[in-house]
Amino acid sequence: MKFSSENETLEWAKEFAKSLKPGDMVAMYGNLGAGKTVISRGICAGLGFEGTVCSPTYTILHEYPNDPPIFHFDLYRLEDGADINEVGMDSDYLANGISLIEWPERLVDDTGITHVIKIEILSETEREITLETK
C-alpha cells in the first residue's frame, strides 16, 4: 500500500486497529523518520485512546490507559539481542493489552509477534507499507 501523506497513514492505522485484540503484538520496521510513531498514533486513536502518543525512545515503554491497555515500546536504544523482559514486562502482563513495538529487530526473537508492518520511505511525503499477519 502506498500513502502520500501522514494523514493517509494515520487513517489506515486507525482502520487496522479495529482488527487488533488483547495479546496482539505489532512489530514496526522502518528507518528513522519512516513513520512508525505515526502508525502507533493511528492505532492508538483507532483503539479509542485520546491522549498524546509519542515515541518512548528514552523511557523504552509508554503504557497508555485504555481498554484494552496499549503498550508502546521503542527499542532503538537497546542492544541487539534484547528481550522484552529486560524492560520489566512479562508475556502474561502483555497478554492483557496490545503491544506496539518500534525497532523490533533489537529483540532476540520475534516470539509472540502477531503482525509485522514494514515501512519504506519512497520520498519526503510518500511511504510504502506492507502488513503481514503471522
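In this predicted model, threonine 9 is found in helix α1, which spans residues 6-17. The residue is buried, because its relative accessible area is 6%, a value that falls under the 20% limit for that class. When neighbours within four places in sequence are left aside, threonine 9 is in contact with Phe3, Val38, Ile39 and Ile129.

Helix α1 also takes part in the largest pocket, being one of the elements that give two or more residues to its lining, together with α2 (36-46) and β7 (127-133). The largest share of the lining, four residues, is supplied by α2. Sorted by class, the lining comprises nine nonpolar, eight polar and six charged residues.

The second largest pocket has a volume of about 270 Å³ and is lined by 17 residues, with Met25, Ile84, Ser91, Leu94 and Thr111 lying nearest its centre. Its lining divides into nine nonpolar, five polar and three charged residues.

With regard to the cysteines, zero disulfides are present in the structure. The sulfur of cysteine 44 has its closest cysteine sulfur in cysteine 54, at 10 Å, and is therefore too far away for a bond, since a disulfide requires the two sulfur atoms to be within 2.5 Å.

Conventions: Residues numbered from 1 in each chain as written. Predicted model: local features only at pLDDT ≥ 70, side-chain atom pairs only at ≥ 80, totals over all residues. Heavy atoms only, no water. Buried < 20%, exposed > 50% of the residue type's maximum accessible area, 1.4 Å probe, protein only. Contact = heavy atoms within 4.5 Å. Nonpolar A, V, L, I, M, F, W, Y, C, P; charged D, E, K, R; others polar. 1 Å grid on protein atoms, 1.4 Å probe; cavity = no way out; pocket = protein on both sides within 12 Å on 5 of 7 lines; lining within 4 Å. Points joined across faces, edges and corners; volume = space filled by probe spheres on them.
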